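Biologist: I have a model open and want to learn how to read it. Where do we begin?

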Amino acid sequence: MRPEILTLLIPLPPLLAFGLIVLFTNRSNRLSHSVAIGAMLLSWGMAMAVFIAAVTAPHLGEHPIELSFPWLPTGATALSIGVLIDPLSAATLFFVAWTCLAIFVYSVGYHNYGQPREAHDRAGLPPHGGGLEPMYARFFAFISLFAFGMLTLVVSDNLLLLFVGWEIMGLCSYLLIGFWFGKDSAKKAMVKAFMTTRIGDVFMLLGLAYLYSATGTLNYRAILANEEVLHHLATTPAFLGLSIAGACGILLFMGTVGKSAQFPLHVWLPDAMEGPTPVSAMIHAATMVSAGVYLTLRMFPLLSAGWEEGGALTTPMLVVSAVGAFTALFAATIAVAQNDIKRVLAYSTISQLGYMVAAVGIGAFVAAAFHLITHAFFKALLFLGSGSVIHGMEHGEHETHAHTDPQDMLNMGGLRSKMPATFWTFLIGGLALAGFPLITAGFWSKDEIFADAFANGRLLVFGTLALAALLTAFYTMRQITLTFLGQPRTQAAGHAHESKWTMTLPLIVLAVFAVAAGWAGIPEDFPLIGGLLPNWMHDFVGGTLLEHPHPVAFSPIPLLTSIGVSLLGLLGGWLVYRNAKAGAPDPLIRALGPVHTLLKRKYYFDELYERFVVAPAYWLAETFTYKFLDGKVIDGVLHTIALVAGSVGTYLRRYIDLPVVNGAGDLVGESIKRAGRGGRVIQTGRVQGYLVVGVAFVALLLSYVLLVRP
Amino acid sequence: MIPLSWYLILSALLFCVGAFGVLARRNAVGILMGIELMLNAVNLNLVAFWRYLTPGLIAGQVFTLIVFAVAASEASVGLALIISIYRRRSTVVVDEINLMKW
Amino acid sequence: MGDPFGLIGQWLMDLVTGWGMQPVAALTLLRFLGAAILATVLLLVCFLLIVAERKLLGRFQDRYGPNRVGPWGVFQTVADFVKLIGKEIVVPDGIDKPVYWLAPLLVVMSVVGIWAVVPFAPGFLGTDLNVGILYIVSVGAIGTLGIIMAGWSSNNKFALLGAFRAVAQLVSYEIPMVLTLLVPTMLAGSMGIAAIVEAQKDMWFITAAPLAALVFLISSVAENGRAPFDLMEGESEIVAGFNIEYGGLAFGMFYVGEFLHAFTVGVLFSTLFLGGWQGPGAEQFPLLGLVYFFAKAFVVWFITVWIRGSFPRVRIDQLLSLNWKFLTPLALLIVSLTAVVDKLAVEQGWSRILALLAANGALFVGTMAVLGAYGRSVRLREERLRATAGGLSTGIAR
Amino acid sequence: MTVLQIVFLVTGFVTLLAGVMVVASPKLVHAALWLIVSLAGVAVLFVLLNANFLAVVQVVVYIGAIAILIIFAVMLTRRVMADTGPTHNPSWWLALISALVLLGGLLALILQVPAFAQAGPTAQPAADSGLSDLGTALVDVNRFLLPFEVASVLLLAALIGAMAIARPADAAEEGGE
């Protein structure tokens, strides 16, 4: 089949699966997950086919696989939907398909498929250890819809369709974060996530509208691969000294800030950990946050309009790089002080996303894309691994009837021997996250960013990111050490055991990618191993842009920096936490004192927002809008109108309707009734009577025809 | 030979006899019989016309056959109706079946 | 010795015209004469038939049958006849006189009327109607009428019951019979009996349409109203059915009508499916044809008697469901199948016969399969019922 | 006065008489039997008109099926054998008058047309009285296939409809049998 048709078909199977599960198969768990995974498998296969077609196609950047047709006629023009596979979307498609598939499979085991359902499990609450998830089928329906949204977003060829997928994912994250809506925290978290991302989305929509009004289209190629349009956008001033390109860029970037949890809209992401772990992996590794970065990458030509490599950054790029770099460091610092295994990962996600955003900001397009891919793999791996850990811990609890928080790392330890598969895969993922030199994917992608930042002399960004990398390595090692090394600190940890193959298999697959994905982007001029493998990432993904970015010249300083920080951080983490005692407080507390508290409370951001955003909003809604505006003003007006109308109506009725209209009507009806009563005597109800009349009439007619008028 | 008009007169007579039966019988089955008579008169007409005026065209006989079919259907449905009416109201006298009356 | 019947007819014609009668009237007279002779002969044949049947039944049922009057009891029927004539005719009260007296006449008339179109031998038949088949059917219908008239006019509930049963049975079984009658019509391409017999010169139709023959036999036995389909006069249920109130010669007429009808079934079957008078040398010597004709007729008649002697009486519901659920659909299938195959098999002769035979075979196998499945399901249901009943009884016992 | 004319007159008279008896006879069953006689008379007239096929079909369909049905209905729709009450409705004289007027009209109509007074048929029909022609005409697309099929459909509909109507209510509820 032609690849564009295939591309068009990619998102559909999960949507069908969603419909099927919701409407028909939701009674049967087996059927439901078969449908969901089967559909995902189908999309995966098509995605791989398209990916191969894309890789083998020559000059994909100039001649992408695309197919477009009009959708909404808007006056003269028409909003068209269509698919576009250029290098960027091809690469994205690749990791999205893989991670989604892995997560689908993983979910089967995670929700204890095959176990009997525990009697006291209620829908809306996480099942107590070992019981089957009560809303099993529903979960698969949701993640199918989620996958549909993401795939749509990836294959779409215009911002509108992208926005559609974007919002579908927003809805799904809302549903999935609140999947266990029985938990109060989950409820709060879902609303929080939805609201926070909504802020970004509003700005994004503004950006879309502005861009459409400026260019008359939302198609990528029409805007981003079009010199004069870009030039026009870049040169026409909009407001506050921004060009249209700049304004649109920043507005759209706000969408990214919301979606991939950049400062200051990062607050929803840690709370989103309330959802089941596959969901966390789905949202924070594979799809949603990646979608944000994907959008930024997409819009890179717009952001960088009027910028030539090595030159001064444009305003939007400055904004982007600043936000990204700050977020990277900021989140890393928080991550250091968290004890919840998943929250640590959440903050690390935020900081890694910061890396990418910063990279885009400083114009390291390829590096950002590279890090996006590798990060997707190892972060999905880490999340699934943590899920497996939590699962094991819950089993341990279930056996020992100990009531310890299964997500608190201080309660773990020594799981290395209990769950080897999880340990090794988690270790690989962790090292990749920490950027362990040479072997892991994370190293190569981070190194790319460092090199780029250094070569272009963005030393501030460079320094910030390096510091963040150090912290990253530190808290990663802290996590690994607390979780797996040492001795079990609780009975639960002691009785934890390895998870089923449906959970470990995806881990292994992802682990392979977490290592191998890096080899796609080794710089040519890297000492010793450089050039053994072609720098595929650079050649291929770089092809997306109009003028291909040149690979930066090799210099030892960023390399040494990245090696140094990662090793240093890892070592530090191990040294600090290698012999953490059960019940003993975190060693850092002594070391940092109040700072640690500050970090642990996430710089009091939640409280801040509570005070200055949420409370005013409530006041506005409750007191002003509802009580005053609605209750007093609007209702008052309405009541007066109603009063006037009522009186007029009564007048009309009494003096016009009753006497005139009804009188006439009754006259007609009554007369007809009388006439009927008079005439009904001829209706005897005897068929023969009627027949006689008929025959008599015929006879008379005959006689007339024959006798009178012969 | 027999003049055509004989047949026509005979069929006219038969037709009117049947019509009288239809109009005057009290029993529904009797009415049905009257209808059969009328149909037969029509058939006789058709065949006579075929034989005398258009022996070449077979239409007359075909019409007669169709009339047979119609008569059979009419008899079966009519009798079914009569029987079900009898079941419900235990009478087949049409004067007493006057629910259509006001 | 070419064509004796033709010679006789010619001689009579000359004789009568010799007396100075114009030919039309003479022909009419001869027609009446022939009809009278035929009817008389038939009614006389009945004596033989009745005694033969009774003896046969006796043999079938392992007894002697009539063996007192005359050698081997051949004159038994004569004795019965005399007795019937001698009997006083008891006319029940409250009867509908004209109808009552008309009924037996109609019954006998319908049976005898059939013979008007039966070709006994080449060139020897009452009249060669071009719609002979339909004629047979219509005359049979008159028999039905006679029965219902008898049943109704006797003012006796058993008679009426018998009449109802009879009409239900006869009207139902007319349908498969008429349908199967269409098969010889199609094969011969004509509705004339003589033409049909002619068409069987090379090959009897029973070879081309065995299923049709079978269905025709069954349904005409039912039309005849003899065992196993003798519900209209189920002695043990409704005394004697429609003819309960008849005595003496009136009853004798019904009696004769039934037996003659039985033989007529044989005649029709042999005419339509066994080639009538066809046989080696029949064209040259019509008498030979006559012999063949009666031989075949008697064989079929013997089979019917055999059936009568062998099978018990069926229930009314069995009777009707056999007809409506089995025979009628089967007959429809046969007709359509024969029509299609006969159209497809363009060249005449053996290939056509073989094609039709193959079609019949296929249909037969299919029918048997369906019947088997149906029987199996019925057996299963009964077993289940029995099982539940058993469980119930044990439960009660417990 | 040829033989045929005599035959016609006799048959016509019998037919008409039977018809009158049908509408007049006090006993409904007798009426039905008279109906049969009248139908048979019509069949004979068909024979006189060289329509043997129609004649036989007339006997089969009417006497064999319809008449029997009617007799059945007569017997089924009564509790006692004897008919009770008047057989004609009170306004029968009105019916009679209108029927007579109708007859007068028809007769006048017939007698007006000179072509109807012709002594005999213009042409002799085919040897088999057009039977084969009839058969082909009924299944010829260009001639009477459609009416033929429509008639068959009508018959089927009547069959099913009759069953549906005549089945007792309780049987209808419990689904037949």
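Modeller: Begin with burial. A residue is buried if 20 or more other C-beta atoms lie within 10 Å of its own. Bear in mind that this is a predicted model.

Biologist: How many of the 75 residues of α28(A) are buried?

Modeller: The number is zero, so α28(A) lies largely in the open. In chain C, by contrast, 43% of the 398 residues count as buried.

Biologist: How far apart are the end C-alpha atoms of helix α28 of chain A?

Modeller: They are only 89 Å apart. A straight helix would reach 111 Å at 1.5 Å a residue. The helix covers residues 605-679. A kink of about 50 degrees lies in α28(A) at A:D657, shortly before the proline A:P659.

Biologist: Next, helix packing. How are two packed helices described?

Modeller: By the angle between their axes and the distance between the axes. Take α9 (residues 210-224) and α13 (residues 316-344) of chain C. Their angle is about 145 degrees, and their axes are 10 Å apart. The crossing of α9(C) and α13(C) is left-handed.

Biologist: Which residues in α9(C) and α13(C) meet?

Modeller: From α9(C), C:L211, C:A212, C:V215, C:I218 and C:S219. From α13(C), C:L327, C:L330, C:A331 and C:I334. The residues of this contact divide into eight nonpolar, one polar and no charged.

Biologist: What about contact between chains? How many residues does chain B give to the contact with chain A?

Modeller: Chain B gives 10 residues, and chain A gives 10 residues. On the side of chain B that touches chain A, seven are nonpolar, one is polar and two are charged.

Conventions. Residues numbered from 1 in each chain as written. Chains lettered and ligands numbered in written order. Predicted model: local features only at pLDDT ≥ 70, side-chain atom pairs only at ≥ 80, totals over all residues. Contact = placed C-beta atoms within 7 Å. Nonpolar A, V, L, I, M, F, W, Y, C, P; charged D, E, K, R; others polar. Helix = DSSP H or I, 4+ residues; strand = E, 2+ residues; numbered from the N terminus. Expected span 1.5 Å × (residues − 1). Bend = angle between axes of the 7 residues up to and from the residue. Buried ≥ 20, exposed ≤ 12 C-beta atoms within 10 Å, placed from the backbone. Axes fitted to C-alpha atoms, helices over the stretch in contact; angles between N-to-C directions. Left-handed = near helix turned anticlockwise from the far one by under 90°.
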